[in-house]
Amino acid sequence: MGKNILDKMAMQRALTRITYEIVERNKGVEDLVLIGIKTRGVFLAERIANRLQQLENVSIPVGELDITNYRDDIEHDATSIDEIKMSNNNIDFSVENKRVILVDDVLYTGRTVRAALSAVMDLGRPKSINLAVLVDRGHRELPIRADFVGKNIPSSQKEKIKVYVNEIDGKDAVEILK
Amino acid sequence: MTERYLILEDGSAYLGKAFGSLSTTTGEIVVNSTMNGYQEIISNQIYHNQIIVFTQSSIGNTGLDQNAYESIMPTAKGVVVKEYENLATDQFKRISLDRYLKLHRIPGIYDVDTRQIVHHLREKGNMKASIVDVADEHAFDQLHATVLTNQQVSQVATPKPYANPGDGDNVVVVDFGLKSGILRELSKRDCNITVVPWNSTSEMILDLDPDGVVLSTGPGAPTSLPDDVLEMIRNVQEAVPMLAIGLGHELFAMANDAQIVALESMHYGSNHPIREIITNEVFYAGQEQGYAIDSKSINHDKLYITHADLINGTVQGLRHRDYPAFSVQFSPDGAPGPKDAVGVFDDFVEIMARRRDSSETRF
């Protein structure tokens, strides 16, 4: 049993605040698209999209990005990489000239985000890419930072930060596991 | 037991029994439907110059708690209730309600039909009232002749700045007649607070180098304050994160072009469900509201409506589109009332933290 950092209410408020900040920063929702990084980032992206729907009565497209094959810490079979790269994505819109908001649960080393940036760039040339994360736990290994953060949780590298989302975990919470 | 009368501007009179101070007072009569928290209600400066009718049938039964005052010097003008208990017999040797009211020269009257009074007021609208010894022509003449000030804020707000130190975010609270609950919740979040008078200019406020600014609750109509206050709000909202509550919320709306309307039936209670629009979640909070924002007057290029009252449809929350500035009509500190909305303060602290972090990397 880990130490609870964010409960259901705090998590909801964090996503609500991120939503307001996204509109504030982009001066509206024009050309906005959300891309969630699998697995939990997708659910968080959908929740942000639901909030934007409530708030502005617009339907913002949500895509699912699987960056497994872009990771630099997994060895790839060089010959087949281009074919499988895109296989698990579910993005049925063009990112060309769009303002892309990448959504993930935890920002840690920055390697996932680096991979996601490459993957999005392979899909087209967006006008801009912003990063929204529920938790920023520090320990970056790349020059990457989030534009929208739910909660900064300074952590030790020995700790594990676990985000639970109701859709697959049956509860909403963020916990630190030792 | 001394018999006294509650008389209303429209000529009605109610015979009851006295408690608290035996002075004669006049004020605007308002109905509070909150079940508990008579101490917080009576000591809240929002009831400045007002006689409070409790629909809760019995008050006084838990004495007064030293941690639950909402101001040092209450300025309510009277307390009306069906049944009054004078219990202060617990181990903490609390002050009794009777003693407290005597101390602050607030008269009380009980054993009157508060249900009837509430129905009467709902029908006839807002009016003045007095608590008097005899309900004769002279008393009514006095009542009619009394002019209640519309400068309530300057009567109850601090005339000088004061500090309420902490180790965290530097927060300036603009005092329009604040309730202590606001300071209590900011202190819990370790804020380093400076409370400044309601008529402070934006220069004075920003010179204190705040991480955020809070506009407090307070009594009276927002329209009776000078336009300088709106100018201050416009300048501050551009510079730093802002949270506005109650009267502060109404002023925040006015500063961003919205109009204010007086409610036909004032609402003091915590029984109205409030919907947060962005999540569709419903919660309850204490509300003390004589005025509301005319929702048709809201400029949607500047403000979102974030919360709405599901009973009377009033705007309960706003947020600026371009700046990290937001406001709530209800009392998120829950003193008294539900604490459902206390996260508003967490949001405010989080927004201040975000702003500080955004220019540099923390790790």
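Residue numbers start from 1 along each chain as its sequence is written, while chains are lettered from A and ligands numbered from 1 in the order in which they are written. Because this is a predicted model, local features need pLDDT of at least 70 and side-chain atom pairs count only at pLDDT 80 or more, whereas totals for chains, interfaces and linings use all residues.

**View 1. The largest nonpolar core.** This core has 57 residues, and Val173(B), Val174(B), Leu215(B), Leu251(B) and Phe252(B) touch the most other members. A nonpolar core here is a set of buried Ala, Val, Leu, Ile, Met, Phe, Trp, Tyr and Cys residues joined through C-beta atoms within 7 Å. Buried means 20 or more other C-beta atoms within 10 Å of a residue's own, exposed means 12 or fewer, and partly exposed lies in between, with C-beta atoms placed from the backbone. Beyond its neighbours within four places in sequence, Val173(B) is in contact with Leu178(B), Ile182(B), Leu183(B), Ile193(B), Val195(B), Val214(B) and Ser216(B); contact means that the C-beta atoms of two residues, placed from the backbone, lie within 7 Å. A second, separate core of 48 residues includes Leu55(A), Leu107(A), Leu134(A) and Val135(A).

**View 2. Helix 6 of chain B and its surroundings.** Helix 6 covers residues 180-188, and its buried residues are Ser180(B), Gly181(B), Ile182(B), Leu183(B), Glu185(B) and Leu186(B). Helices (H or I, at least four residues) and strands (E, at least two) are DSSP runs, numbered from the N terminus. Among the elements that these buried residues pack against are strand 11 (170-175), strand 12 (192-197) and helix 10 (343-357) of chain B. After helix 6 of chain B comes Asp190(B), with a positive phi near 65 degrees.

**View 3. Where chain A meets chain B.** Here 18 residues of chain A are in contact with 19 residues of chain B. On the chain A side, helix 1 (8-26), helix 2 (40-56) and strand 6 (148-152) each supply at least two residues. Helix 1 of chain A gives the largest share, nine residues. By class, this side of chain A has five nonpolar, seven polar and six charged residues. Ala, Val, Leu, Ile, Met, Phe, Trp, Tyr, Cys and Pro count as nonpolar, Asp, Glu, Lys and Arg as charged, and the others, Gly among them, as polar.

**View 4. An open sheet in chain A.** Three strands in the order 1-8-7 form this sheet, with antiparallel pairing. Strand 1 (3-6) and strand 7 (160-164) of chain A are the edge strands, each pairing on one side only. Strand 1 of chain A pairs with strand 8 (residues 173-177) of chain A over three bridges; two strands count as paired if DSSP finds at least two bridges between them. Leu6(A) stands opposite Val174(A) in strand 8 of chain A.

**View 5. Two domains of chain B.** Domain 1 (3-148) and domain 2 (153-357) are given by the domain assignment of chain B, with bounds from an automatic or database assignment. Their C-alpha centres lie 27 Å apart. Across the boundary, 21 residues of domain 1 of chain B are in contact with 21 residues of domain 2 of chain B. Strand 3 (25-32) and helix 1 (38-43) of chain B each give two or more residues to the domain 1 side.

**View 6. Arg145(A) in its loop.** Arg145(A) sits in the loop between strand 5 (128-136) and strand 6 of chain A. This residue is partly exposed because 19 other C-beta atoms lie within 10 Å.
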